[in-house]
Amino acid sequence: VYCSPPTAVANVSQYACQRRTTTENHNKIFTDVMEELAESSEFNESKGPCLAFRRAASVLKSLPSAVHCLEAIQGLPCLGEHTKAVMEEILTFGRSFKVEEIRCDERYQALKLFTSVFGVGPKTAEKWYRRGLRSLKEILTEPNIQLNRMQRAGFLYYSDISKAVSKAEAKALGCIIEETVHWIAPDAILALTGGFRRGKEYGHDVDFLLTMPEMGKEEGLLLHVIDRLRDQGILLYCEYQGSTFDVSKLPSWRFEDMDHFQKCFLILRLEQGQVEGERGLQSDPGDSRGWRAVRVDLVAPPVDRYAFALLGWTGSRQFGRDLRTFAYKERQMLLDNHALYDKTKKLFLPATTEEDIFAHLGLEYVEPWQRNA
Ligand code: CTP
Ligand code: MN
Ligand code: MN
Ligand code: MN
């Protein structure tokens, strides 16, 4: 078997923000397994191993070709003994026994199922598991379970929102959001973010950023947009969060901290007829209602924070996490979705574009479609 020499993989950075990762993943057989191991570690609250598996998967995703032998990954960062053992198993047997064991695990199966419901996180899932619940039906029929509004919506639209959203569907939603936003404010600035901005073919939701060219004018915008979506009869669910943004606060280095911008988590009704390629198609008679529910996120930062919000919401999660770690450890800077702060100079560094932020960090610009880390 041909093995590329170790030099072929030299100079791969430990930081995803110094790698270029397109949607073309040549090492899916490894990365799928590692992402399952990461998820299983997350369920066991093993944060260290979880991050280690995610980092390893991310490095492998950035490689220009498939790994065919262990020698080929020599010198690569973020691949620990544990990861290498899993890779060796896959290279030798074509499968990982460790991951197959996890897939059969009752607890893993239940937690994976429960957290697939919109509004259900690992904590709630764990609580339900401890109460002996194993299926979604058991949760819905258990009399002592109190679901919150988000979880009720999650169950109500479960079959639709657990189905991947296609690029065509994302485009159709983009048209609806654009028309709605510009009907309210013709000069509003709207951008697609999240996985679809990175060029992904499918996603679990569609993410948008909106703002106004004049500072402060964005304040009432989101609530108007929500009203207008409701008037059009396409708003199935809305969880609105007002802004808690404080300009004087230093950016938070911790990636887990949510941003403070005004935002909403929606479920919208998308008509099949509005989706390119499905126009006039005779749909399957078993699925003939002609519409589907889709998860949509809208975030409305003030315009002077637009570039930071765009960079943060474009992701990927691993790319964003590594940008913030890189800023902190290599540049003594604090970066989050709101701002960039230089600890040495004790200065906030303003930015109007993503390119400005990369430049402040002394990083080469990475295009959105190269951020699929
Ligand atoms: N994000 C964030 N703050 C939140 C929620 C999300 O900064 N409160 C960021 C995430 O880190 C991610 C991006 O926004 O990088 C998009 O989040 P999400 O929609 O969950 O992921 P996608 O990358 O779009 O993947 P998918 O296709 O599954 O939606
Ligand atoms: Mn290639
Ligand atoms: Mn998304
Ligand atoms: Mn989202």
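Q: What spacing do the donors of the manganese ion (ligand 4) follow along the chain?
A: Please note that the model is predicted. The donors of the manganese ion (ligand 4) follow the spacing D-x1-D-x89-D along the chain.

Q: Which residues are the protein donors of this manganese ion (ligand 4)?
A: The protein donors are Asp205 (OD), Asp207 (OD) and Asp297 (OD), which lie 2.1 to 2.2 Å from the manganese ion (ligand 4). Aspartate 205 also bridges this ion and the manganese ion (ligand 3), the two ions being 3.6 Å apart. Aspartate 205 belongs to the loop between strand S3 (202–203) and strand S4 (206–211), while aspartate 297 belongs to strand S7 (residues 291–300), so the pair ties together parts that are 92 residues apart in sequence.

Q: Are aspartate 205 and aspartate 297 buried or exposed?
A: A residue is called buried when its relative accessible area is under 20%. Aspartate 205 has 6% relative accessibility and therefore counts as buried. Aspartate 297 also counts as buried, because its relative accessibility is 6%.

Q: How many residues of S7 are buried?
A: Ten of the ten residues of S7 are buried. Both faces of this strand are covered: one side carries Trp291, Ala293, Arg295, Asp297 and Val299, and the other carries Arg292, Val294, Val296, Leu298 and Ala300.

Q: Which strands are joined to S7 by bridges, and do they run parallel or antiparallel?
A: Strand S4 runs parallel to S7, and four bridges join them. Within S7, aspartate 297 stands opposite aspartate 207. Strand S6 (residues 262–271) runs antiparallel to S7, with ten bridges joining the two. Cysteine 264 has leucine 298 of S7 as its bridge partner.

Q: How many residues surround ligand 1, and which are the closest?
A: Ligand 1 is surrounded by 16 residues, the closest being Gly195, Arg198, His204, Asp205 and Met258. The residues of this shell comprise three nonpolar, eight polar and five charged.

Q: Which atoms lie 2.8 Å or 2.9 Å from an oxygen atom of ligand 1?
A: A backbone N or O atom of glycine 195 lies 2.8 Å from an oxygen atom of ligand 1. A polar side-chain atom of arginine 198 lies 2.9 Å from an oxygen atom of this ligand, and a polar side-chain atom of lysine 200 is likewise 2.9 Å from an oxygen atom of ligand 1.

Q: How much of the accessible area of ligand 1 does the protein cover?
A: On its own, ligand 1 has 590 Å² of accessible area, of which the protein covers 84%. Helix H11 (194–197) and helix H13 (306–314) are the elements that give two or more residues to the shell around ligand 1.

Key:
Residues numbered from 1 in each chain as written. Chains lettered and ligands numbered in written order. Predicted model: local features only at pLDDT ≥ 70, side-chain atom pairs only at ≥ 80, totals over all residues. Heavy atoms only, no water. Donors = N, O, S within 2.8 Å, 3.2 Å for Na, K, Ca; no water. Buried < 20%, exposed > 50% of the residue type's maximum accessible area, 1.4 Å probe, protein only. Pairing = 2+ DSSP bridges. Near = heavy atom within 4 Å. Polar contact = N/O pair within 3.5 Å; in protein donor to acceptor, adjacent residues only side chain to side chain. Areas by Shrake-Rupley, 256 points an atom, 1.4 Å probe, with all protein chains shown as cover. Nonpolar A, V, L, I, M, F, W, Y, C, P; charged D, E, K, R; others polar.
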